[in-house]
Amino acid sequence: MIKRTNWMGPSFIALTVGLAACGGGDAPEATAPSAGEPTAVAETGAAPAPAEAVINPENWPKVETPALNPVVERRVDELLSKLTLEQKVGQVIQADSSDITPEEVKKYRLGSVLSGGNSAPGPLPYADTATWLAAADAYWEASVDGEGVEVAIPIMWGIDAVHGHANLRGATVFPHNIGLGAANNPDLIEEIAAVTARELTVSGHDWTFAPTLAVPQDDRWGRTYEGFSEDPSIVASYGDRIVIGLQGRFGSDEFMGDGHVISSAKHFLGDGGTKDGIDQGDAIISEEELRDIHNAGYVTSVQAGVQTVMASFSAWQGQRMHGQKELLTDVLKGRMDFKGFVIGDWNGHALIPGCTSEDCPQSLNAGLDMYMAPDSWRYLYESTLRHVQEGTIPMERLDDAVRRILRVKVQSGIMDKPRPSERPNAGDESVLASAEHREVARRAVRESLVLMKNENQTLPLDASKTILVVGDGADSISKVSGGWTLSWQGGGYPNSEFPNGQSILDAMEEAVEAAGGELIFSADGSYDGEADAVVAIYGEDPYAEFQGDRQDVDFEPNGFDTGLLQTYRDRGLPVVSVFLSGRPLWTNPEMNDSSAFVAAWLPGSEGGGVSDMIFRSDDSFEFTGRLSYSWPALATQTTVNVGGDETPLFPVGYGLSYGDSAEPVILSEESGLTDAATAAKGEFFVRGEFRQPWQLYRDGTPVDAVPFSDDVVAARTVDGEAQEDSLAFRFSGAGDVAIGSGYGHDFSRESNGALELVFRARILSGPEDVTVGMGCHQDDCTAFGTMTLDEEWSEYRMALSCFAGDGVDMTSFNRALIIRGAEGQEVAVGNVRLTSDDDGQADCPAGLGD
């Protein structure tokens, strides 16, 4: 008998939660609310708060923003009076461009369209200028078509340009925010925002979902690199300057003028304070901590006139932010005098108890003004219209939301702009990564680098010497740029897809050749010839959001064997490590094996900024970057922060300059992790990613990429708990797929220790009985049983001991989960991992051992 737990909570309903705009992938088919059966909901929204989860607005910062412009308000009044109820409902809904046509924009009169991280027009998750502009024109023209209405309202088109307009081929890709926090330079931040805005206008976009004003307190969070610092003072110093760079200075002639776009401060509130750093999780913290740490950047961004604020996926004390009336309405719009509108996150309203992605009056009643409903918008439109007609959503609340949206559209000039392709900068690719823009990006890279170690003043290196460059980050702009680059998760793109960028390797080669030296490159480090110094460029692979969540902060080398660093040192070579990461990580072994160690974060498309500092190509250059996050002394120090009780290896503000000298110190290589915590055996396929060395196998052969298909099996990604976090296998005949490894692993200890393989699954079509197995390549060490899958996502458990008892050799285990399908079956699987037996009774598939 297989135990299972049905996943019926809101996280199942919101199948495509990703990020603000992290779309792409196969969304689940929407289900219409039953006709004549409105969902029973509380009129005010979220479930009652725990006694301790009380917001006291009078204790929050009081912000005074400029008075409403009477000219703007008169125009808004006039527009509002001409809108039908159906048009008003359309204004409060935003759809993703992958799931809506221009004709539907016209029919439903939607207020906005976004393009998620994987939702560019065309076959790729990113596009060129002409493709973006053609789509922008089509949506705009549909929205302003006046057929059948007294007045037509143009759409706002939004996108995540979080470190440059990185879904536009050829745009400037800046360092991610974690590096910009290390620069601690508000003037630079404003320049970067202004460059990003200009490049957004080239493709016809009106609106970027930036800045991210999270103050990450747990570095396990997969979005840590989107936060400037764990220190709220740094975040506050940037909140206004980014808004000014993007929008222009509010109240001045430059506001929303040529080259400017609408800004969105996100994610309100507490996304950086969730328990265990879990993305979309719960911030179980006091009101004071929520206010004093996590609200810091919103105070300054609201003062600067930010036009939109995005609600967070996360919760505070169990209350989902999309339904938190006291914060969205009483604090943000009341106490802080925010006069723009609140936009939701990717189906974030569905996380509220009692809501689905297609039906959620609670969120609008709580203060959300525009739903981000990428794939759920059709049924959400119908249910919202019905709730207004029935009075569940008061007309006053709907009118307030629409008024706020229209105010932003009037103030930003969208009401009067021509089609996107006729606006200033539109289609002008000379703007993209212009010499001026690249200079700003290269300077940003230089200022973001933090010199952590410089034994015997190893840096700067002499470019006239022979330099050996190693590591998988040296010649990959994609790797060094991280997530949210060309696609949502980033990674895997050749340098040719960054036509205006330069890899670190190319920049170093340019410098060495100019100085008369010699550069030797070996990505895997397999070079034993002569050299004067080694530069190793390595670190984390790209990720975004929940797929980057971790259990600890131990650096796990991937793509380059850092054990080679000691080999180079043993040969008497100075070793410079350029470490790429989206968060501080425990790297004591790598630091010990390096003569110099540079925290380079995720520097983006201007590799010349790294080369500049390695060789000090200008005498005026200096390492000015200083840590904006505490660096851990142990791999278990996941919440070491300013003002906390733990002592970091290096505190916020640490960083060396070229001339600094210090006695060499050998760091402890005790990570603090137990054997159980460090075992790589615990996860196989989690959050949409295979854990090395595990990967997908088809009939004994590794599958390089999904989607995949042959004569028997077709594999694709689907949404389970979150976007594209699961795999679906459709069988046109009898066949096997497996999560496997190319070599055997000793799982005898695990099979004797009452561990179970746990995974989520559902049957999408065909017979419900599915054959499952585990073992190894050979038939004589593989066992199979049968389980019955539900049509809903459920959790299933299989004890390793069941398979060990049926002849599987657990000392050479390399097939963690085998799915043997039958003709006509389609099975979806996700979150495959090991966990302890929860009741002490081994769960065995039916028929195992027969």
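Visitor: At what angle do helix α2 (residues 70–82) and helix α14 (residues 395–411) pack?

Guide: Helices here are DSSP runs of H or I with at least four residues, and strands are runs of E with at least two, numbered from the N terminus. Axes are lines fitted to C-alpha atoms, for helices over the stretch in contact, and angles run from 0 to 180 degrees between N-to-C directions. On that basis the axes of α2 and α14 are 9 Å apart, and the packing angle is about 125°.

Visitor: Which orientation class does α2 take relative to α14?

Guide: Angles under 35 degrees count as roughly parallel, over 145 as roughly antiparallel, 65 to 115 as roughly perpendicular and the rest as oblique. The angle between α2 and α14 is about 125°, which makes the orientation of α2 to α14 oblique.

Visitor: Which pLDDT do local features need?

Guide: Residues are numbered from 1 along each chain as its sequence is written, and side-chain values use heavy atoms, leaving out hydrogens and water. This is a predicted model, in which totals for chains, interfaces and linings use all residues and side-chain atom pairs count only at pLDDT 80 or more, whereas local features need a pLDDT of at least 70.

Visitor: What is the handedness of the crossing of α2 and α14, and how many charged residues has their contact?

Guide: A crossing is left-handed if the near helix is turned anticlockwise from the far one by less than a right angle, and right-handed if clockwise; the crossing of α2 and α14 is right-handed. With contact meaning heavy atoms within 4.5 Å, V72, E73, R75, V76, D77, L79 and L80 of α2 meet D399, V402, R403, L406, R407, V410 and Q411 of α14. Ala, Val, Leu, Ile, Met, Phe, Trp, Tyr, Cys and Pro count as nonpolar, Asp, Glu, Lys and Arg as charged, and the others, Gly among them, as polar. By class, the contact of α2 with α14 has seven nonpolar residues and one polar, and the number of charged residues is six.

Visitor: How is α7 oriented relative to α8, and how many residues of their contact are charged?

Guide: Helix α7 (residues 186–202) and helix α8 (residues 232–247) pack at about 30°, their axes being 7 Å apart, which makes α7 roughly parallel to α8. The crossing of α7 past α8 is right-handed. In the contact, P186, D187, I189, E190, A193, A194 and A197 of α7 meet S237, Y238, R241, I242, I244, G245 and L246 of α8. These residues divide into nine nonpolar and two polar, while the charged ones number three.

Visitor: Which residue in β16 is the bridge partner of L468?

Guide: Strand β14 (residues 466–470) pairs with β16 (residues 533–539) in the parallel sense over four bridges, and with β15, also in the parallel sense, over five bridges. On the β15 side V469 stands opposite F521, and in β16 the partner of I467 is A533. The bridge partner of L468 in β16 is V534.

Visitor: Which residues of β14 point the other way from T466, L468 and V470?

Guide: Buried means under 20% relative accessible area, exposed over 50%, and partly exposed in between (1.4 Å probe, protein chains only). Five of the five residues of β14 are buried, so this strand is largely enclosed by the rest of the structure. T466, L468 and V470 point one way, and those pointing the other way are I467 and V469.

Visitor: What is the omega of the cis peptide bond that joins F268 and L269?

Guide: Most residues other than glycine have a negative phi, and most peptide bonds are trans. L269 lies in the loop between β6 and β7 (282–283), and for the cis bond from F268 to L269 omega is about 10°.

Visitor: Is N347 buried or exposed?

Guide: N347 is in the loop between β11 (341–343) and α12 (361–366), and its phi is near 55°, a positive value in a residue other than glycine. At 1% relative accessibility, N347 counts as buried.

Key. Two strands pair if DSSP finds at least two bridges between them.
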